[in-house]
Each structure stands twice: as structure tokens, then as C-alpha cells.
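Q: I have just opened this one and would like a walk through it. Can we take it piece by piece?

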Amino acid sequence: MHRLKAGLRQILAVREPPRRIATAFALGVFIGMSPFLGIHTVLGLALAWQFKLNKFVTLIGVYVTNPWTIVPIYSFGTWVGAKVMGLENIIPAVDWSHITFLGFIENFRPLLMPFVVGSLLVGSVAAVISYMTIYRVVRKNRG
């Protein structure tokens, strides 16, 4: 909770219009929840630069997904993707005692599309909610 408050204080200290701050944060949240695992930071910086948004605020949004939150976020996203795609039992039966890297890839391949679809969908909804929230908070705290 302390980190959340600290991040919010840092966002409120940025001297830009509320819409730009909220847009930068929402973009970061979307990227952080996107299926582009491993390139979130680079992608966030590149898109913030491309759209002339605050890079710092974008990165705060990107890091909503972090080592503590990544498993629940991506698990929920994969579940949402499976539901949207009409898939039922998506948990593969894996013989963990004889698993190899290639066997792991093969066993979990059916989860790839639900992961991509669900991550993009959950990221989009989270971005809209975070935009509205940050916009309101920034406006409220500026008078």
C-alpha cells in the first residue's frame, strides 16, 4: 500500500494537464498487462516517446504488473480469454516428472491464444478504468 501511495504522489507531482497524465498512465497499464512479456519497459518508453507522453508516468503504469502481480493478472487474463473464446477445460494434463522444455511448450501451446486474447482484453478494460481514476484524482487534487 505504501508503494501505491508513493506512486500516486509522484504522479500528482507531474506538471502536465490531467488528460495527458491519465493517458500516459493508462497506456502504461495496457502495456503492462499486454502479452508482450519481457519488453514492457522498452515498449512503454518507445510508445510514450512516440506519442509525446510523460515517460515516467507511463512506466508507473507499466509496473502495475510486477513480480507480485504478474501471476494473478496473467492467470485471470488467460481465464477471460478462454471464456471469450468458448473454451472449457484449458488446463493441460502434464507429466511433471518427465517434463522437458519442448514438452512444456507443447503442453501449454493451447493456452497461447486465450492468454493473448484475454491479456489484451483485460489490459484494455484496466486501461480505461485507470484513465478515469487517474484523471479524476489529478483533477481533484489540483483544485
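Q: Where is Val137 found?
A: Val137 sits in helix H7. Helices here are DSSP runs of H or I with at least four residues, strands are runs of E with at least two, and both are numbered from the N terminus. The model is a predicted one: local features need pLDDT of at least 70, side-chain atom pairs count only at pLDDT 80 or more, and totals for chains, interfaces and linings use all residues. Residues are numbered from 1 along each chain as its sequence is written, and side-chain values use heavy atoms, with hydrogens and water left out.

Q: Why does Val137 count as partly exposed?
A: Its relative accessible area is 22%. Buried means under 20%, exposed means over 50%, and partly exposed is in between, with a 1.4 Å probe and protein chains only.

Q: What is Val137 in contact with, leaving aside its neighbours within four places in sequence?
A: Val137 is in contact with Leu8 and Leu12, once those neighbours are set aside. Contact means heavy atoms within 4.5 Å.

Q: And how many residues lie between Val137 and Lys55, roughly speaking, in sequence and in space?
A: Val137 and Lys55 are 82 residues apart in sequence, and their C-alpha atoms are 19 Å apart in space.

Q: Stepping back, how many helices and strands are there?
A: The protein chain has 7 helices and 0 strands. Along the sequence the pattern reads α-α-α-α-α-α-α.

Q: What box do the C-alpha atoms fill?
A: Roughly 60 × 30 × 25 Å, taken along the principal axes. Of the 143 residues, 36% count as buried.

Q: What share of the contacts comes from residues 24 or more positions apart?
A: Such pairs account for 75% of the contacts with a separation of 6 or more.

Q: Which residues touch the most other members of the largest nonpolar core?
A: Ile11, Ile21, Phe25, Met33, Val57 and Ile134 do, in a core of 25 residues. A nonpolar core is a set of buried Ala, Val, Leu, Ile, Met, Phe, Trp, Tyr and Cys residues joined through side-chain atoms within 4.5 Å.

Q: Which helices supply at least two residues of this core each?
A: Helix H2 (18-33), helix H4 (55-62), H5 and H7. H2 gives the largest share, 8 residues.

Q: Why would such residues be found together?
A: In soluble globular proteins, nonpolar side chains tend to be buried together.

Q: Ile21 was on that list. What is Ile21 in contact with?
A: Leaving aside neighbours within four places in sequence, Ile21 is in contact with Ile11, Val14, Glu16, Val57, Ile134, Val138 and Arg142.

Q: Now the rings. How many aromatic pairs are there?
A: The count comes to 3 aromatic pairs. Rings of Phe, Tyr and Trp (its six-membered ring) pair if their centres lie within 6.5 Å; planes under 30 degrees apart count as stacked, over 60 as edge-to-face and the rest as tilted.

Q: Why is the pair of Tyr74 and Phe115 edge-to-face?
A: Their planes are at 70°, with the ring centres 5.0 Å apart. This pair links distant parts of the chain, with Tyr74 in helix H5 (residues 70-84) and Phe115 in helix H7 (residues 112-141), 41 residues apart. Tyr74 and Phe115 are buried.

Q: What about Tyr131 and Tyr135, stacked or edge-to-face?
A: Stacked, at 6.0 Å centre to centre with 5° between the planes. Tyr131 and Tyr135 are 4 residues apart in helix H7, so about one helical turn separates them. Tyr131 is partly exposed at 22% relative accessibility, whereas Tyr135 is buried at 17%.

Q: Which residues does Ser119 touch?
A: Not counting residues up to four places away in sequence, Ser119 touches Met33, Ser34, Pro35, Tyr74, Gly77 and Pro114. Ser119 is in helix H7 and is buried, with a relative accessible area of 2%.

Q: One last thing: what phi does Lys52 have?
A: A positive one, about 55°, although Lys52 is not a glycine. Most residues other than glycine have a negative phi. Lys52 lies in the loop between helix H3 (40-50) and H4, and at 64% relative accessibility Lys52 counts as exposed.
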